[in-house]
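Visitor: I am new to this structure and would like to learn how to read its disulfides. Could you walk me through them?

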Amino acid sequence: MKKPARQQTRKIGAANNQQSKAKLFFAPSPEKIIFGLFLFWAVVSVKFYRGMDASPPQKQNQPQPQQHQEPQQQQPQQQQPQQQQEQPNTFSRRELDAALESAGIPVNPNAKVNVNANNDNINNGDHETFPDHYMTFSTACSESQNWQSFLVFYYAHKVQQPGYVIRIASGCSDQQKAELIKIHETVISKLSPNFSVHFTPNFSKISGDNYKYYNKPFGLQHWLEHGLEYEKNKDKLEDAIIMILDPDMILLRPLTYDFTDSNVLIHASKRGEPKIKKVVHGQPWACLYAFGDGPFRVDKKYVFAEHKDSPALRATRDEQINNYPGGPPYMATGRDMFAIVQTWCELVPRVHHVYEHLLGEMYGWSLAAAHLNLPHVLARFMVSAVEITDGEGWPLIDALGDDEICDYSTLREKEDKLPYVMHYCQNYWLGKWFLGKYRLDSDFLKCEKPLLLEPPDDIGKQYDFYIKPGGNPYGTKEKLHHHSIKREQFMICGMIKRLNDAATWYKEQTCEPGTANLEKSFIFHYSLDPNNNEGGEKKAKW
C-alpha cells in the first residue's frame, strides 16, 4: 500500500539527515495554513474546469437504439458503467493529502475524505458509490422454466441491467444440471459474464407435504450462505442491493436501487413517501400486490408461537395494508435481505401449516418483514393482471398513445414511459389473439419450432371481445371492459414481439446454419377468424 505523502516526505528528509529541518518546515503557521488552503482551492478549481471541458460520460443504462441488439458484441467493461461515471470530478486521497501536507497541516491517514466538484455527495458527506446489484430468481429445472429463465437473462441484457443476475435452480437431476451448465457456458455467457446459475437441493418437502414454493425462501437462503457466502463477506455485501424476481418476469427497463428521478408510482401510506427514494438500510422496497392484510389474518399465535412479543403482532392497520402486502420484485440492502430471509425461512413452514394456499410464501415474507420491523416502500413496478384498476403500473400504459401500444422499442425515451416489469402470469386475449405461458409449447425454443405470428398494431380497434382457447363451449365470445382493451393489446403485442426477439437470438446461437425455423406463424387457435371454430381447442405441449 502506498504511504501517505507525509510519511514519504519524512523518509526523504531522514535519508538526507535533515530531520530537524523537516520538522521545522512542517510546523504549522498561519502563513503556511493560508498557503495550503490556497493550494487546495487551486487543485479543486483545476479539476472542476477539466471536468466541465470533458465530454459527459454516457448514461450507464442507455440502451442501443436498434431493436435487435446482438448480445455477443457486449464488452465485459459495460457491466460496471457506474465506475466510469464517478471518475471525472472526484479527487484522489493522494492529491488532497499532498495539498494539505505542503502547508504542514496534519492529516489523519485513516480519515475518509471524499470531495466531488459537482457537490453531489450524500450520506453525511461520504461520496456515494453505486452499490453492487444482485438480481435473483428461483426456479425448478423443467423445460418450461428453462425458457422463462432465458427470457429473464436476455432482457436483463437487453435493458443493460447493472450487476449480477442469478438463477437459483432447485431440485435438478444430475442430467438437468449438466444441461443447464452447458447452456450457460455456450449461450448465456454470451449475454454477460455476470449471469450465472446456482444449484440447490429440493426444499419442497421440508414440512412433509409437497409445497414447491418453499424453494423460493430456502433456495435464496442457500445461495446467500453458499453462493455469496454472505456472513464471510458481510463487510462487502451488507451495502449491496439484492433483488428477488419471479421467472415469468421480463424487465422493460433497468431496475436499480435509485428511484430519485423515476416515474415509479409509489403506494400511499400514513408514513408518507420516502424522504430518500432509494433502497437503503431499514427501507426495503417491493411491488404492491393485491392481497391486502391477508398475512395478518392467518393464525398469528401459531406463526409467532416462539416470538410472543413480535413487532408483527403490533403492526398498525395502515402498515398491514399499505407497507407489507408486497411481492416480487423485492429489493433490500444485503444486510436487510439476509435478516429477512433468515426469518422468512423460520416462519414460512408455520405460515404454510395454517394457510395452505397460493401466495403462502409471500405471506411468510410479509410477516418476516413485520417481525423485523421493516415496513416496505410499496411501488407499482409491474403490469400483470389487466383487470386491476388500482395497484399496478397500468396508468403508465393507459397514458400511451395508440401508436405506442404495440411499439417494441429499446429507445430510452420510450422506455421511460413504461413500468419496470412485465409479469406474464395471466392469460391475455383480444378477439382470437392470445398469449398465455401455459399454452405455449415448453420446447418452443427448439430449432424446428416456428416463431409466433405477430398481431397488427390496430387490434385494439378491431375487437371488443375475446374467445378463450379453452372456452366451454369453444368459440364463445366474451365481452371486454373498455379500459381493458388497451392493456390486453399491450401485453399481447409486447410479449409476442419479445418472445420472437429472444427466440431468434437463441436459435442463432444453438441451431446449425440454415436449420432455424424463423417463420412467424404460430397462433394459439387453429384460426384467427372469430366465426371459424373448426378444430376446437388447441392444446399445448407442456
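Guide: Let us begin with handedness, bearing in mind that this is a predicted model. The torsion about the S-S bond of Cys 406 and Cys 493 is about 50°, so this disulfide is right-handed. Cys 406 lies in the loop between α14 (394-398) and α15 (412-415), while Cys 493 sits in helix α17 (residues 482-510), so the pair ties together parts that are 87 residues apart in sequence.

Visitor: How many disulfides does the structure hold?

Guide: There are three. The remaining one to meet joins Cys 141 to Cys 172, with an S to S distance of 1.8 Å. Its two cysteines are 31 residues apart in sequence: Cys 141 is in the loop between β1 (133-139) and α6 (143-158), and Cys 172 in the loop between β2 (164-170) and α7 (174-191). The torsion of Cys 141 and Cys 172 is about -80°, so that disulfide is left-handed.

Visitor: What is the pairing when the bonded cysteines are numbered in sequence order?

Guide: The pairing reads 1-2, 3-5, 4-6.

Visitor: Are Cys 406 and Cys 493 buried or exposed?

Guide: Both Cys 406 and Cys 493 are buried. For another cysteine, take Cys 425: its relative accessible area is 26%, so it counts as partly exposed.

Technical notes:
Residues numbered from 1 in each chain as written. Predicted model: local features only at pLDDT ≥ 70, side-chain atom pairs only at ≥ 80, totals over all residues. Heavy atoms only, no water. Disulfide = S-S within 2.5 Å. Helix = DSSP H or I, 4+ residues; strand = E, 2+ residues; numbered from the N terminus. Buried < 20%, exposed > 50% of the residue type's maximum accessible area, 1.4 Å probe, protein only.
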